[in-house]
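Please read the following briefing alongside the sequence and the coordinates.

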Amino acid sequence: MRVTDFALRLIAAVTLWSGAAHSFEVEDRQVYTAVAETSVLRVISTADKAVFEPIIAAFQQANPGISVDYTITGTTDLMQAIYEEGAVFDLAISSAMDLQTKLANDGFAQSYSPTNAASLPDWAIWRDQLFAFTQEPAVMVVSNTFFKQGEAPQTRDALIALLRENPDRFRGRIGTYDVRRSGFGYLMATQDSRTSETFWRLMEVMGRLDAQLYCCSGDMIAEVASGKLALAYNVLGSYAASEQAKTEGFHIVELTDFVNVMLRTVLIPANAENVKDARVMVDFLTSLRARPDLADKTGLPPLDASALQNNPALRPIRFGPGLLVFLDQLKENKFLRSWENSILQETP
Amino acid sequence: MKQPTSIRKRLFFQLAAVAAVLSLAFVMVVRGVASQAAEGTQDDILAASATAIADSLTSEDGKVTLELPYSALSMLGTINEDRVFYRVMVQGETLTGYADLPVTRSPRRLDTPAFSTEIYRGDEVRVASVLRRVANTATGSEVVVSVAQTRSGLAAISRRITITATSVGLLFFLLATTLSLLAANSALRPLRRMTGAVTRRGPSDLRPVTAEAPKELVPLVDALNSFMGRLRSSLSRTEDLISEAAHRVRTPLATVRTQAEVTHRKLNKPEHKKAIRDMIRAIDESSRSAGQILDHAMVTFRADSLALDPLDLAALINETCDRLAPTAGLKDIALLRELPDRPVPFNGDGIMLQAALHNILDNAIKYSPEDSDITVRIASGSELRISIADQGRGFGGMDLKDLTTRYSRGANVGDVVGSGLGLTIADEVAHAHGGRLELSHSKEGQGACVSLILPYV
């Protein structure tokens with residue numbers, strides 16, 4: 001197993017950089033060769049290899065003829081690859097719902113009706129082109145050295161009050177996404193701003209306390225776990241949950257006023273070549289709910305309509321043209337200016 | 001051969017055609033109105049979206065700027081999953097949105113949105129545009145906000161409406177067709193009732209029809225009644241004429257014959273006697289012919305309206321034999337009657353049957369040699385068989401079928417007076433009663449046997 005894995009990596013590394021150079025940035029690329037290869041499925045994804053490998057393994061167990069060529073890139077690069085550069089992939093998996101929505105809206109996705117479409121909730125499919133297969137809340141991660149279990153604030157108002165009352169304790173010890181660099185962070189921030197005015201107050205307060213900005217959830221979790229940060233706001237819940245199994249020193253708080261829930265989505269690009277296998281993969285991903293073992297291994301929480309019903313604070317982000325609004329250049333510029341004004345303040 | 005036209009069918013097809021036209025019209029109108037309403041709804045939402053965007057236009061440092069409201073686009077996603085595009089133009093320059101979105105119809109007035117249908121990115125899109133002027137700008141203030149949406153949701157609605165309207169229309173058509181079938185039947189019921197009333201009548205019942213008729217049929221009934229009245233008087237005139245003619249022809253001939261016989265007895269010269277005898281023979285021939293022609297006319301006339309009266313065939317045969325006994329006696333011919341003692345009941349026209357028997361017997365007597373026997377038998381099985389067998393010359397090998405045709409006579413009867421109508425009359429009577437006439441050689445080997453075969457009705 002190890003040996004073949006290593007061999008595969010080697011082969012992948014050789015083939016990877018011999019191909020045509022793309023201007024979009026490829027973070028990593030891995031070819032999972034099938035036992036009896038009959039076709040290759042080219043996937044472009046924003047999900048880390050570690051997260052997605054168990055899914056690919058299970059997929060290949062069910063479909064031993066399909067090799068998976070897995071390219072990892074950022075959400076913006078994925079968009080650029082497909083939207084502007086016409087890169088050919090059979091499947092695009094992204095956590096940026098807004099960018100995926102723009103791809104589907106602007107005609108870069110093709111329609112398919114998954115075999116299990118009837119069992120999927122309405123909000124999980126858009127235009128028969130965009131298919132959600134996970135629901136991942138944005139959570140707050142708090143350090144055990146700053147908060148005992150259950151003592152962390154449960155609402156944004158409480159959080160604002162706590163930060164205002166203890167500026168010295170939290171100065172430089174709060175982390176959140178740099179929304180200029182992270183598509184997920186931008187999506188969550190814009191959805192926050194839509195939902196409640198408390199977002200801007202929170203940004204003001206965090207800005208005054210010299211908030212630290214991060215590109216990725218993993219870094220924030222690590223800093224919180226180490227006690228360098230007291231808390232990190234808007235961390236991807238699924239990463240936090242899977243990190244918690246490995247790392248001590250932090251715990252997860254789902255705020256009770258509202259929790260934005262991001263849907264990780266898959267689409268078949270309009271220029272896909274291996275549509276047949278792409279559809280098989282879409283069917284596989286949309287039925288992840290039937291594979292709790294994979295949810296455990298990957299930390300990707302499958303779609304669960306009942307969880308949303310039982311917890312009214314969970315607010316799944318809705319598909320639809322509304323998601324195009326914050327992609328508007330003027331709107332984005334304005335939002336980022338407001339955000340910078342709030343969070344980048346001169347420390348007194 | 002043209003099939004008779006059916007009023008019912010015509011009525012039904014005409015009503016069904018009307019129902020079809022109405023159903024079709026219904027489907028078209030519902031479809032038209034509904035799709036218009038759906039299109040209107042899309043236009044309204046697009047206009048609302050464009051207006052919402054236009055409302056958030058502001059000026060900043062002398063330039064037009066826009067903070068796109070979330071609801072302006074999200075409202076378009078609430079009723080369907082169509083693709084959405086937008087474009088904001090300041091003085092013809094794209095400020096934001098899809099710069100290649102075609103906007104062929106620009107709004108001219110500030111308060112009226114303009115709509116157009118375009119092809120964009122491979123799909124048909126509906127575009128709504130509104131015009132705004134933004135104050136405090138250096139570059140100019142005319143801003144056109146266009147919002148576009150594909151129309152697949154609309155197509156789906158239109159499809160659904162079409163399916164619903166079509167099934168309702170089809171249902172309506174089937175219902176109307178069923179009802180029109182019932183209507184056609186009920187409209188024709190009085191006609192059927194009248195037909196029944198007329199059909200059930202006896203053959204000689206020519207009374208006016210009194211069955212209740214709807215207004216539309218009254219002229220027909222009147223015409224029918226007047227026609228039957230004329231028929232009645234015409235028939236009675238014909239009947240009168242026949243009996244009158246028989247009387248008028250027979251009586252003078254009988255007188256002439258008597259006179260000739262008297263004269264014959266008075267004359268002594270054999271050549272004179274022969275001349276008179278020839279005359280008598282000619283008179284006989286005329287008298288018989290007249291009688292047979294009248295019989296034939298009578299039979300033809302009565303056959304058209306056959307009366308089925310209960311009668312006793314034995315009595316009928318006896319009566320006919322009695323009537324012809326004197327004629328037979330002249331030639332010393334014995335009429336042997338092999339009849340049952342009890343009455344033989346039969347439903348038929350007595351006058352016609354008598355005419356038939358009379359002619360057969362008359363024939364038999366005529367062709368029988370002197371001092372011979374004629375046997376009249378009646379046998380009943382599944383049908384009645386009246387046989388008259390003589391010991392005469394028979395049919396002389398002629399085709400027996402031809403003998404019953406009118407005016408045809410046997411090949412071996414040149415010396416006997418005859419018109420050739422006798423067996424024709426008998427045959428027609430038999431046929432009128434649903435029976436037949438059978439000619440054969442009598443069992444005794446010599447002579448002819450004529451059988452009148454009548455089925456029980």
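Chain B of this predicted model has an average pLDDT of 85, and 92% of the residues in chain B score at least 70. For the complex, the predictor reports an ipTM of 0.84 together with a pTM of 0.67.

**Confidence along chain B**
- Among the elements of chain B, the highest mean pLDDT, 94, belongs to strand β3 (residues 84-90), while the lowest, 82, belongs to helix α6 (residues 270-304).

**Contact between the chains**
- On one side 15 residues of chain B take part, and these are in contact with 16 residues of chain A.
- Within chain B, β2 (63-66) and α2 (70-74) each supply at least two residues of the side that touches chain A, and α2(B) gives the most, with 3 residues.
- By residue class, the side of chain B that touches chain A divides into 6 nonpolar, 5 polar and 4 charged residues.

**A helix pair in chain A**
- The axes of helix α8 (residues 198-208) and helix α14 (residues 329-343), both of chain A, come within 7 Å and cross at roughly 45 degrees.
- Because angles under 35 degrees count as roughly parallel and those from 65 to 115 as roughly perpendicular, α8(A) and α14(A) are described as oblique to each other.
- From α8(A), the contact is made by A:W200, A:M203, A:E204, A:M206 and A:G207, and from α14(A) by A:W339, A:S342 and A:I343.
- The residues of this contact between α8(A) and α14(A) divide into 5 nonpolar, 2 polar and 1 charged.

Notes. Residues numbered from 1 in each chain as written. Chains lettered and ligands numbered in written order. Predicted model: local features only at pLDDT ≥ 70, side-chain atom pairs only at ≥ 80, totals over all residues. Axes fitted to C-alpha atoms, helices over the stretch in contact; angles between N-to-C directions. Helix = DSSP H or I, 4+ residues; strand = E, 2+ residues; numbered from the N terminus. Parallel < 35°, antiparallel > 145°, perpendicular 65-115°, else oblique. Contact = placed C-beta atoms within 7 Å. Nonpolar A, V, L, I, M, F, W, Y, C, P; charged D, E, K, R; others polar. pLDDT = per-residue confidence, 0-100.
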